[in-house]
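Hi everyone, thanks for coming.

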Amino acid sequence: MVRGPIRRWKGYGKPQRAELYFRWSLYLVAWFMLPINLLSSASAVKVQGVTTAAQVALVLSLASILVTLRAYRTSLDHYLGRPSPYRRWLIVNAVLTVAGSWTVLLLGPSSDGLSPYPGPPFTTVIAAALVGAAAGPTGVGLRWRWALLAGIGLPLVIAPAMLLAGISFATTFGWVCGAVFGTLVLTGSCRSFAWVTAIVWELDAAREAQSRLAVAEERLRFSRDLHDVMGRNLTTIALKSELAVQLARRGRPEAADQMSEVQKIAQESQREVRDVIRGYRTADLHAEAIGARAVLRSADIACEIDLGENADGLPLPVQSVLGWVIREATTNVLRHSEAAHCLIRLRREDGRAVLELENDGVPEVPVPSQGAGTGLRGLRERLAAHDGELTVPTAAPGTFRMLAAVPLPC
């Protein structure tokens, strides 16, 4: 029974965990009102003349906790931009608070002589707890202006019931001042929980957008380079072809010379395009390692790289394909984990170059199979072109480990 929630917790990312923490913090605020009401009601339930009020207070306490929990849940969903019937539950909570407070106050004792302890009757404590239970959700679900008005208005609406119950004006005034101050503090505190939760989700969305922008920037770089290479040459080819047509119509022998130049420019363009594509499709091992460290550190991920002396002696095709492995692994760390530490290690083993990549912060989800995952499938295809292989061995919980092995020429 315990492993189920623990497994779900490990399967959550940082935003989900943060939201769950703050959500239950709000729920605990609601539950905190319950023991106050129960102790106050239980202490007075056997006192002559207040039994009915104490019993009603007990029922109201249980109803209030259930309604308040629902109000907190729907209000937080609304604050995070999710559809929820938050208004309905805020209204129900406010009506229950006002009606319940009036009922308990009018049924309760009107003088300190019937109170089980010196000071104001226990019904004022019940009323204050009910007001606090209603103020918290309003601070989350409503805008600041309306939340503040609700925090001030609820005690003022309940104050006449205290006067009608025979409680002195001085006691009522002190209760109203204390209740207003408490509701404002509670409203601000609950609002801050919701605000921090929203900030966590915004940071996660920004991190995802950063990954997408990095891909888009690389595509723009490639298109810009290709345009720079081909734009001028294609314009020259068009002009010289048009000139050759005009010369040919006039029977001029220079037309053949112009077409010969067009042929040379076309061949040169072909070579330049191959160079651009080669630069785009190849990856330098050292450059990719340095870039991975910089990108991961910018995301507050400690990156340990150990290429040693093994990298310099590797053939260029092997360095290129291993550089691609580092590039793809870095993207996976950023997009699919909440890592705090990453390891990249290169070693020679049994006539092969073995690149080991390991990171923590992985949710408890099944490891991609041999056919799953576009990135891993692409890496396997690249490695297979060099008779290499990519394996994902079993690692410690919360850790992802990947081995890329490429055979070395004898």
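Predicted model: local features only at pLDDT ≥ 70, side-chain atom pairs only at ≥ 80, totals over all residues.

Residues are numbered from 1 along each chain as its sequence is written, and side-chain values use heavy atoms, with hydrogens and water left out.

So, the protein has eleven helices and five strands; those are DSSP runs, helices being H or I with at least four residues and strands E with at least two, numbered from the N terminus. Of the 410 residues, 39% are buried, meaning under 20% relative accessible area with a 1.4 Å probe, protein chains only.

Now, how do helix α5 and helix α6 pack? Helix α5, residues 122-141, and helix α6, residues 144-164, pack at about 160°, with axes 9 Å apart. Axes here are lines fitted to C-alpha atoms over the stretch in contact, and angles run from 0 to 180 degrees between N-to-C directions; contact means heavy atoms within 4.5 Å. That makes α5 and α6 roughly antiparallel to each other, the word for angles over 145 degrees. Residues making the contact include Ala-127 and Val-131 of α5 and Leu-154 and Ile-158 of α6.

Last stop: Glu-272, which lies in helix α8, residues 254-281. Is Glu-272 buried or exposed? Glu-272 is buried, because its relative accessible area is 18%. Glu-272 and Met-230 are 42 residues apart in sequence, and 8.4 Å apart in space, C-alpha to C-alpha.

Note on methods
Buried < 20%, exposed > 50% of the residue type's maximum accessible area, 1.4 Å probe, protein only. Parallel < 35°, antiparallel > 145°, perpendicular 65-115°, else oblique.
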